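Here are some notes on charged side chains, written for someone new to reading structures. Please keep the model open while going through them.

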Amino acid sequence: MFPKNFKFGFSEAGFQFEMGVSDIDTNTDWYKWSHDSENIKNHIVSGDRPEEGVGYWDLYPKDHDLAEYIGMNAARIGIEWSRIFPVSTERVTVEVIEENGDILEIKITEKTIKELDLLSDKNAMQHYTNIFNDIKKRGWFLVINLFHWSLPLWINDPSNRNSEKDNALGNCMNRSSVIEFVKYAAYISYYFGSIADRFATMNEPNEVFKTCSEDKRVESYHIRMKWFVEAHARSYDAMKQFTNRQIGVIYANGDVQSFENKDPKLKEEVEYEQRYSFFDALIHGDVHWYVGACRKTNHVHGKSIRPDLSNRIDWIGVNYYSRNVVKRKEDGYENVRGLGYDTGWVSYEKSLDGRSVSETGWEIYPEGIYNIVMSYHKRYELPMMITENGMADDNDRFRPRYLVSHLKNLERAINDGAKVDGYLHWALTDNFEWGSGFSKKFGLIKVDYKTKKRYLRPSALIMKEITKHNGIPEELEWLGEDKF
Ligand SMILES: C[C@H]1O[C@@H](Oc2ccc([N+](=O)[O-])cc2)[C@H](O)[C@@H](O)[C@H]1O
């Protein structure tokens, strides 16, 4: 059984779900990126058109009805920055306090909000209000997320990018986008500060700064990470002026393991790089990673050197899909091909370890959700929510077992002390899976993209049983017992 008041729900991102019926938003880098003929020719994107998507913008009442039928009572909704501010906010001036290239403070006042008001799209604000009201009228828990990869074109125009060097996500932060992001975050918290139950400033910044480094050197990784750390910390401060809700970050996680568990030191190093470096900065002000990166210091690991960053996380959103198995190479480390996230995108073939693999080529590894949640708990003891977990599986061949086995492992972590108060599945319906377009089907609910009709997959009914029992009913336990 899960604790009383445990929340079951779904996660959603604006760009992946909203378009499909009306109100096409052509104003993002991802819209342009996904239509770019060179990208399509070079198979960087699928050629599928997000404007032919599932149409949550119009069909949200229907989707909420279906989620309610499944027994869900929580939702994480991503707001599209480009819809709120289709034009640049740069003309709204704010005071920025800086030292040695670090942004220590961005002053947002009521006057700033008034000036932003003149630039925001009131129809979009009203439309998001309608979506949130529909969620709240059902008595659900609402998590609002501000950044899920897509950016307004006035912040990032992909035509200015060198796609040979940088062919995945184009949305890196820099000094000026940090400042604009903080204005947007403050504005959202001003208007939605009491309707939301919890805020996240960003989804998986680590997937962004991982892919957008100009080179793969650790210095470059850290310099990119610094902008996201500052974007969050400065937004946190600005938002707290207008809301008393918890503010956190949603992070991408792999359960890090060294190949055949032979190199525990490497596991520790990679966990630090991939997970703790970001959170240590925002929880303890520990920017140990600056050494050799942005500047040289004689910093001692564990000692706060940036108090302006510490205590800026109230909760952690955990996205979990698979593991990362690593081994050393001459200059650093690499993923072991055939395991975890790196099986080579072979749908339904077995991983090197004999485990099943999803349609995105991600090995199914349910123990990982336990390991990740416990690792966060032991290091930070903060509240957590599972903000993404699920698999691409059009025929629902493995999803019922995936659901039960991951939830069993989550239940075990909660029994061992982890403070996780909700599970938000990715995804309620099929959607636009970035470069892969519509080909990867993550939905508990299948969508016919032509008619926009929704069809329950069997795993939606498994989920209904689980929510009804607030845990895995005895009759379904067997689904979690197999090794995948
Ligand atoms: C399916 C969802 O995936 C999320 O993104 C990722 C990307 C990469 C990894 N990984 O560790 O390799 C995990 C999750 C994303 O947040 C969401 O939008 C979906 O696309």
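1. The model is predicted, so local features need pLDDT of at least 70 and side-chain atom pairs count only at pLDDT 80 or more, while totals for chains, interfaces and linings use all residues. Residues are numbered from 1 along each chain as its sequence is written, and side-chain values use heavy atoms, with hydrogens and water left out.

2. Side chains of opposite charge can pair when their charged atoms come close. In a salt bridge, a side-chain nitrogen of Lys or Arg is within 4 Å of a carboxyl oxygen of Asp or Glu. The whole structure contains 45 salt bridges.

3. Arg83 and Asp23 form a salt bridge at 3.8 Å, N to O. Arg83 belongs to helix 5 and Asp23 to the loop between helix 1 and helix 2, so the pair ties together parts 60 residues apart in sequence. (Helices, H or I of at least four residues, and strands, E of at least two, are DSSP runs numbered from the N terminus.) Arg83 is buried at 8% relative accessibility, whereas Asp23 is partly exposed at 44%. Buried means under 20% relative accessible area, exposed over 50%, and partly exposed in between (1.4 Å probe, protein chains only).

4. Arg76 and Glu388 pair at 3.0 Å, N to O. Arg76 is buried at 0%, and Glu388 is buried at 5%.

5. A network of salt bridges links several residues, among them Asp102, Lys226, Glu230 and Arg234.
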